[in-house]
Amino acid sequence: MKRVMEMGWRWCRRVRRSLPVAMTVVVCLVSTGAQAAERRIALVIGNGAYAESPLKNPVNDARDMRARLLELGFDKSDIVYRENLKTAEIGAMLREFRDKLNGDAVAVVFYAGHGVQIGGENFLPTVDARVDGEDDLPQQSIKLGALLNVLRTSRTRLNLVFLDACRNNPYKRGFRDGIRGLEKMSPASGTLISYATQPGLVADDGKGRNGVFTGQLLANMAAPGLPVELMIKRVASGVYASTEGKQDPWQEGSIRGDFYFVPGASPPPPPPVVSQNGQTLKDCTDCPDLVVIPAGGFQMGTDAYDSEKPVHPVTIPRALAVGRTEVTVAQYLRCVAERGCDEPEWRQKGSTYHYQTGSDQHYRQLGAALTGDNHPIVGVSWNNAQQYVKWLSAKTGGKGYRLLTESEWEYAARAGSVTTYSFGDSESSLGDYAWFSGNSGGKAQPVAQKKPNAFGLYDMHGNVWEWVEDVWHDNYTGAPTDGTAWKSGGDSSRRVLRGGSWYGIPWNLRSANRDGGTPDGRGNSTGFRIARTFSL
């Protein structure tokens, strides 16, 4: 057994060396019973081009899933792939899939598209289905029971079935009832089925590139050392948070032993539950409140601008403590009083921008806004932010305070969402969560006056831009995928800013929006938020 394990890990290392440098995952599958690599077979289907009720995202979902499986070491020849499957193609597809299966294999099935149940039996319709009543559906669909029977009779070692298929029934005419979504099933031992939502309910096709469920699945699959059952739980938590409880994934079945898409060190234990209002920690009287956010994964970036491409998976490997708000005036000026930080620009004697003597209208407004200790500190540079976290670390006995990395910041801002903003896609709700050009009155506002996101963090959208640790890069090509800061390459004369500000238009407050500034640059809309690695 030891020799088998060593051979398996040598194979893993060879595969890893063949991947791009930025790919930090080891791509092999292991179980507690046998640590060697094993053959992995996948069936991936995305149906979107329906004549009735077409769907925008399933083909994207299928393409991205195939790409993810290839990244994780699946052989291209072992992935049976179909998009916009037609009725005449069902038999050939199932035969191709069956012929690849054997008793030593792990099988992964992914389907995105419509799903319909009749009398307790689930059907996945083809895109050319013409359904006038219940009798038409079985002849123009993949029967989920038949697909599970293919897995059972092939005696594969382990089967994982992911179904982003719980959309509304598009064929309501001629049906005896209005039941929506899919029905519960009873899979054989060794099979685990993960549904996008609970039985009889409806899943969201998603407003971005992927369905809500698939987006979370893609993000979490590459987390090292994460057993598949725990991965599915994290997917479910992310979906639930991003849909504000409207969609709650479901699973059934069981597998023997542990299974990992990516082996590695065991993940940390889960952090304390973070409430909607923000469960906080505080390391000293003058310290900012911290909110513990859980480890997890997400898809970083968008297709909107080159600077936000390519969309790529990022894993945050451990729990993290993040500032509940942006650092405030009172908190920063304590560092100034203890000679750990330079004064902010608006407070420096003799400065053109000193709010008592300066003539610049913006900075007179700034001075008026900063009469309250609870406003976010502005007029501070990236270098000033580094002074602050160094001072705070020393003050707390070496707690290790720092700025967030750019990927940590976006993970914290999204709070499990895959939408434009943490609360959804509609700008009409932005005023409930953010200060921006439409409601700020032309200046920064006190922190924590708006609603928090699902992690309990305030003002991640708007109020002031927030410095993060990373050097500016024009896009995400080669970006780290493990949550670390990107400090090499890029434009070393600029650092990244995230979140938008009180003067920003709604589009610039998106979770994925990014900008940059010089490390010594200071302005009346620029502040920062702190973080530290959290240990239970």
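# Briefing on the predicted model

Nine of the nine residues of helix α10 (residues 406-414) are buried, so the helix is largely enclosed by the rest of the structure. Buried denotes under 20% relative accessible area, exposed over 50%, and partly exposed the range in between, with a 1.4 Å probe and protein chains only. Helices (H or I, at least four residues) and strands (E, at least two) are DSSP runs, numbered from the N terminus. The model is predicted: local features need pLDDT of at least 70 and side-chain atom pairs count only at pLDDT 80 or more, whereas totals for chains, interfaces and linings use all residues. Residues are numbered from 1 along each chain as its sequence is written, and side-chain values use heavy atoms, with hydrogens and water left out.

**Helix α10 and its charged residues**

- The buried residues of α10 are E406, S407, E408, W409, E410, Y411, A412, A413 and R414.
- After α10 comes A415, which has a positive phi near 50°.

**Salt bridges**

- A salt bridge is a side-chain nitrogen of Lys or Arg within 4 Å of a carboxyl oxygen of Asp or Glu. By this rule the count comes to 21 salt bridges.
- D78 pairs with R39 in a salt bridge whose closest N and O atoms are 2.7 Å apart. The pair links distant parts of the chain, 39 residues apart: D78 is in the loop between α2 (58-71) and β3 (79-83), and R39 is in the loop between β1 (30-31) and β2 (40-46).
- D78 is buried, with a relative accessible area of 10%, while R39 is partly exposed at 37%.
- E96 and R82 form a salt bridge through their side chains, at 2.8 Å from N to O. Because E96 lies in helix α3 and R82 in strand β3, the pair ties together parts that are 14 residues apart in sequence. E96 counts as partly exposed, at 30% relative accessibility.
- A salt bridge also joins D286 to R334, the closest N and O atoms being 3.7 Å apart. This pair links distant parts of the chain, 48 residues apart, with D286 in the loop between β12 (280-281) and β13 (290-293) and R334 in helix α7 (residues 329-337).
- D286 is partly exposed at 24% relative accessibility, and R334 is partly exposed with a relative accessible area of 36%.
- E406, E410, R414, R498 and R514 belong to one network, joined by salt bridges that share partners.

**Packing of α3 and α4**

- Helix α3 (residues 90-100) packs with helix α4 (residues 144-154) at an angle of about 25°, and their axes are 10 Å apart. Axes are lines fitted to C-alpha atoms, for helices over the stretch in contact, and angles run from 0 to 180 degrees between N-to-C directions.
- The two helices, α3 and α4, are therefore roughly parallel to each other. Angles under 35 degrees count as roughly parallel, over 145 as roughly antiparallel, 65 to 115 as roughly perpendicular and the rest as oblique.
- The crossing of α3 past α4 is right-handed, meaning that the near helix is turned clockwise from the far one by less than a right angle.

**Backbone geometry**

- Most residues other than glycine have a negative phi, and most peptide bonds are trans.
- N84, in the loop between β3 and α3, has a positive phi near 55° and is a residue other than glycine. N84 is partly exposed, with a relative accessible area of 23%.
- R155, in the loop between α4 and β8, is a residue other than glycine with a positive phi, near 55°. R155 counts as exposed, at 66% relative accessibility.
- The peptide bond from K309 to P310 is cis, with omega near -10°. P310 lies in the loop between β14 and β15.

**Surface patch**

- Y305, I505 and W507 make a nonpolar surface patch of about 290 Å². Patches are made of residues with over 30% relative accessible area and no salt bridge, like charges being joined within 9 Å and nonpolar side chains (Val, Leu, Ile, Met, Phe, Trp, Tyr) within 5 Å. Accessible areas come from the Shrake-Rupley method with a 1.4 Å probe; for residues, only the protein chains shown count as cover.
- Y305 is placed in the loop between β14 (296-300) and β15 (312-316), and is partly exposed with a relative accessible area of 39%.

**Strand β8**

- L160, in strand β8 (residues 158-164), is buried with a relative accessible area of 1%.
- L160 and S254 lie 94 residues apart in sequence and 9.7 Å apart in space, C-alpha to C-alpha.
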